Amino acid sequence: MADPQMAPKANGEACGVCGGRTYLIERRGELASARVCTCSEECPVCGGRGHILVEKEGTFSKKVGARTYEVLQPCMCTLRRKRVALYNDVQMPGVMAHASFDNYRPFNEAQDRGRGVAMHFAHQYVKGATNKGYVLSGPVGTGKTHLLAATLGHLVLEMGVRARYVEISLLYATIRRGFQDGKSGGEIIGPLSEVEVLAIDELGKGRGSPFEMETLDELIARRYNAGRTTLFATNYSLEPERKGARSTAPTGYRATDDARTAMKDAELLRERVGERIYSRLCEMCSFVELPRDTPDRRRTRQEMDAPPPLGGMRNTGR
């Protein structure tokens, strides 16, 4: 559950800039970055000390009975700064700085279910417990990374959960560069293995080389064995097996790129990651698959924003 201390200001007024969240998420270069909103830079509760005295009651002996005592505890402004710092360690892509559950727009029932699964996970997450993650599968541009970003944003900024985001092909590239600096793959994978919640995007992407498969297997195995929560997004189908044999007979002319795209779309995640990893995913996560005909949100937005043809007007559909 979200920490009420991170909610609107003490005077009950919602800031027009942050909407009462007390923090902002902005795009800074390649990454999304959080900062404390100006409305909360000066804390009226602790006066900038960073801690407050809180009365508590406890029984230390049956003879004395219950007694009231005061203890120092971090003020909400201290918690806010710590959570902002945690978010900036997530490494969320800058393009997802404004991603939230509220501004996710589903086109079909499956997308709405995906949003529901991600929201339920985020709002029912229990820190320190074993929480089952989720796998979102669907075509490009259907909002999978958006939901990962919204989930991590809630967990980190509202609950103080330590999390990381990684795009799998970029992880492979980072490890390869690390080899040139004398680092082992384990040194780079280590922090990702230990973080409380890890989001892995583009699962199944890559050449499927022994290096990539061993890296992915080690990362997932370490998190699986430790009982840590992992979230995934993939363009490959979650179907357990092919529904029918792929026809090899040509039905007409098809460009090479189209053929490659069709072949990729037909591939299953279990074929991309192998039976060992797929089996663990089945235990670690809930599966949500978006239909192959789900619209590409980016392409749809581009088509809607496109200027009308020269010498004519855009068709309004009326």
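This is a predicted model: local features need pLDDT of at least 70, side-chain atom pairs count only at pLDDT 80 or more; totals for chains, interfaces and linings use all residues.

Me: How do you know that the length of helix 1 agrees with what 12 residues should span?

Reply: Helix 1 covers residues 76-87, and at 1.5 Å a residue it should span 16 Å. The end C-alpha atoms are 16 Å apart, so the two values agree.

Me: Why are helix 1 and helix 3 called roughly antiparallel?

Reply: They pack at an angle of about 155°, with axes 8 Å apart. Angles over 145 degrees count as roughly antiparallel, so helix 1 and helix 3 get that label. On the helix 1 side the contact is made by Arg83, Val84, Leu86 and Tyr87, and on the helix 3 side by Gly153, Val156, Leu157, Glu158 and Met159. Sorted by class, that contact has 6 nonpolar, 1 polar and 2 charged residues.

Me: And what makes helix 2 and helix 3 roughly parallel?

Reply: Here the angle is about 15°, with the axes of helix 2 (residues 109-124) and helix 3 (residues 144-159) 9 Å apart. The cut-off for roughly parallel is under 35 degrees, and therefore this pair qualifies. Helix 2 gives Gly114, Arg115, Ala118, Phe121, Ala122 and His123 to the contact, while helix 3 gives Leu147, Thr151, His154, Leu155 and Met159. By class that comes to 6 nonpolar, 4 polar and 1 charged residues. The crossing of helix 2 past helix 3 is right-handed.

Me: What about threonine 38: how do you know which accessibility label it gets?

Reply: Threonine 38 has a relative accessible area of 55%. The exposed label needs over 50%, so threonine 38 is exposed. Threonine 38 is in the loop between strand 2 and strand 3 (51-59). Threonine 38 and threonine 22 are 16 residues apart in sequence, and their C-alpha atoms are 8.1 Å apart in space.

Me: Why does glutamine 91 count as partly exposed?

Reply: Glutamine 91 comes in at 35% relative accessibility. Buried is under 20% and exposed is over 50%, with partly exposed in between, so partly exposed is the label for glutamine 91. You'll find glutamine 91 in the loop between helix 1 and helix 2. Glutamine 91 also has a positive phi, about 70°, although it is not a glycine.

Me: Let's move on to helix 6. How do you know that its reach is close to the expected value?

Reply: Helix 6 (residues 210-226) has 17 residues, and the distance from its first C-alpha to its last is 24 Å, close to the 24 Å expected at 1.5 Å a residue. Just after helix 6 comes glycine 227, with a positive phi of about 70°.

Me: Which residues of helix 6 are buried, and what do they pack against?

Reply: The buried ones are Glu212, Thr215, Leu216, Leu219, Ile220, Ala221 and Arg223. Their partners include helix 4 (168-180), helix 5 (185-194), strand 7 (197-201) and strand 8 (229-234). Helix 8 (269-273) and helix 9 (275-284) are also among the elements they pack against.

Me: What describes the packing of helix 6 and helix 9?

Reply: Their axes come within 10 Å and cross at roughly 35°, and the crossing is left-handed. Leu216, Asp217, Ile220, Ala221, Tyr224 and Asn225 in helix 6 meet Arg276, Ile277, Arg280, Leu281, Glu283 and Met284 in helix 9. That contact divides into 7 nonpolar, 1 polar and 4 charged residues.

Me: Zooming out, how many helices and strands are there in the protein chain?

Reply: The chain has 10 helices and 9 strands. Of its 318 residues, 41% count as buried. Among contacts with a separation of 6 or more, 75% are between residues 24 or more positions apart.

Technical notes. Residues are numbered from 1 along each chain as its sequence is written. Side-chain values use heavy atoms; hydrogens and water are left out. Axes are lines fitted to C-alpha atoms, for helices over the stretch in contact, and angles run from 0 to 180 degrees between N-to-C directions. Helices (H or I, at least four residues) and strands (E, at least two) are DSSP runs, numbered from the N terminus. Angles under 35 degrees count as roughly parallel, over 145 as roughly antiparallel, 65 to 115 as roughly perpendicular and the rest as oblique. A crossing is left-handed if the near helix is turned anticlockwise from the far one by less than a right angle, and right-handed if clockwise. Contact means heavy atoms within 4.5 Å. Ala, Val, Leu, Ile, Met, Phe, Trp, Tyr, Cys and Pro count as nonpolar, Asp, Glu, Lys and Arg as charged, and the others, Gly among them, as polar. The expected span of a helix is 1.5 Å times one less than its number of residues. Buried means under 20% relative accessible area, exposed over 50%, partly exposed in between (1.4 Å probe, protein chains only).
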